[in-house]
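This report concerns a pocket and a helix packing. The structure under discussion follows.

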Amino acid sequence: MSKFELISEARQTILDADEEKALQIIEHALTEEMDLLELVQEGFAEGNRELGELFENGKLSLPELIFSTEVMKRVLEVVESLPGSNREKVKGKVLLATVDGDVHDIGKGMVASTMKSYGIDVIDIGREVPVDTIIEKAKEFNVDIIGTSALLTSTLKEQKKLEEKLRELGIRDRFTTMVGGAPCTLRWATRIGADIYTEDAIEAAKKALELLMKKK
Ligand code: B1M
């Protein structure tokens, strides 16, 4: 199968919620020594994006959406569990969380996999994570960057709450904060005083890498 066919089939497996086929494609890509990140970004994630459109246009039911997103999550899990590229480990750590009240974690998962593929040490503490837990974990793991993802307009405020709480505790300067997620914008990031805003996973990984390389 050509690279183009693999990418196209990967996209389709998400639309069809076909986990078995999705995993076969990953195996196939591995034997072909294909860049898995490219397969995820251009294949699986593209299917995921189309799902979103179908759902928004009422052409996909919620249970169907859930089935497909479970396959997408499994794909990310499998890709993350594979030995990374030959990149050297970067010194420094990034903590990632989806904010409290928000279950959307596919985008965060993509940010995590992309950062890991860049050699960054990522601590992903999951979804629906309250601000206090984010801060507690950031201190515990002594991370350099705290990254939060929010997908609902109603949960964006958690990113603001994080900034406020860090300032209140007098530890704002200890961390670099990074925000993202579909409703999040550069304007929002600037307004709440977050350090970095990025629109997608690749940009997020590049900015994190840039910062960590400068720091060490
Ligand atoms: Co929901 N959902 N959802 N959903 N869902 C949206 C977000 C929505 C836009 C759909 C819609 O109605 N039009 C809408 C939000 C409206 C709003 O507030 N503006 C919505 C809603 C309303 C809801 C529920 C309330 C529905 C309900 O129950 N009635 C409910 C909320 C539950 C909750 O959170 N409390 C809900 C539930 C769900 C599912 C569980 C079914 C499922 C999530 C499964 C999961 O994630 N485990 C789901 C999904 C899949 C979606 C859509 C269809 C797709 C989201 C996604 O995965 N996108 C979404 C519609 C859409 O986006 N078209 C929708 C793909 C992902 C790769 O993109 O997450 O944007 P994204 O991540 C990108 C960038 O944003 C960026 O990089 C990523 C990759 O490039 N990025 C970062 C993300 N985080 C970053 C962090 C960074 C930097 C960059 O730095 C730290």
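## Location of the largest pocket

In this predicted model, the largest pocket lies between domain 1 (3–81) and domain 2 (93–215), because both domains give residues to its lining. The volume of this pocket is about 1400 Å³.

## Lining of the pocket

A total of 45 residues line the largest pocket. Nearest its centre are Asn48, His104, Ile106, Gly107 and Leu151. By class, the lining comprises 22 nonpolar, twelve polar and eleven charged residues.

Several helices and strands each supply at least two lining residues. The helices are H3 (36–56), H4 (62–81), H5 (106–117) and H9 (201–215), and the strands are E1 (93–98), E3 (145–149) and E4 (176–180). Helix H3 provides the largest share of the lining, with ten residues.

## Packing of H1 against H3

Two packed helices are described by the angle between their axes and the distance between the axes. Helix H1 (residues 3–16) and H3 have axes that come within 8 Å and cross at roughly 35 degrees. The crossing of H1 past H3 is right-handed.

On the H1 side, the contact is made by Lys3, Leu6, Ile7, Ala10, Arg11, Thr13, Ile14 and Leu15. On the H3 side, the contact residues are Glu38, Leu39, Glu42, Gly43, Phe44, Glu46, Gly47, Asn48, Glu50, Leu51 and Leu54. The contact of H1 with H3 contains nine nonpolar, four polar and six charged residues.

Note on methods
Residues are numbered from 1 along each chain as its sequence is written. This is a predicted model: local features need pLDDT of at least 70, side-chain atom pairs count only at pLDDT 80 or more; totals for chains, interfaces and linings use all residues. Side-chain values use heavy atoms; hydrogens and water are left out. On a 1 Å grid over the protein atoms alone, a cavity is a set of points where a 1.4 Å probe fits but cannot get out, and a pocket is an open set with protein on both sides within 12 Å along at least five of seven lines; lining residues have an atom within 4 Å of a point. Grid points are joined across faces, edges and corners, and a volume is the space filled by probe spheres set on the points. Helices (H or I, at least four residues) and strands (E, at least two) are DSSP runs, numbered from the N terminus. Ala, Val, Leu, Ile, Met, Phe, Trp, Tyr, Cys and Pro count as nonpolar, Asp, Glu, Lys and Arg as charged, and the others, Gly among them, as polar. Domain bounds come from an automatic or database domain assignment. Axes are lines fitted to C-alpha atoms, for helices over the stretch in contact, and angles run from 0 to 180 degrees between N-to-C directions. A crossing is left-handed if the near helix is turned anticlockwise from the far one by less than a right angle, and right-handed if clockwise. Contact means heavy atoms within 4.5 Å.
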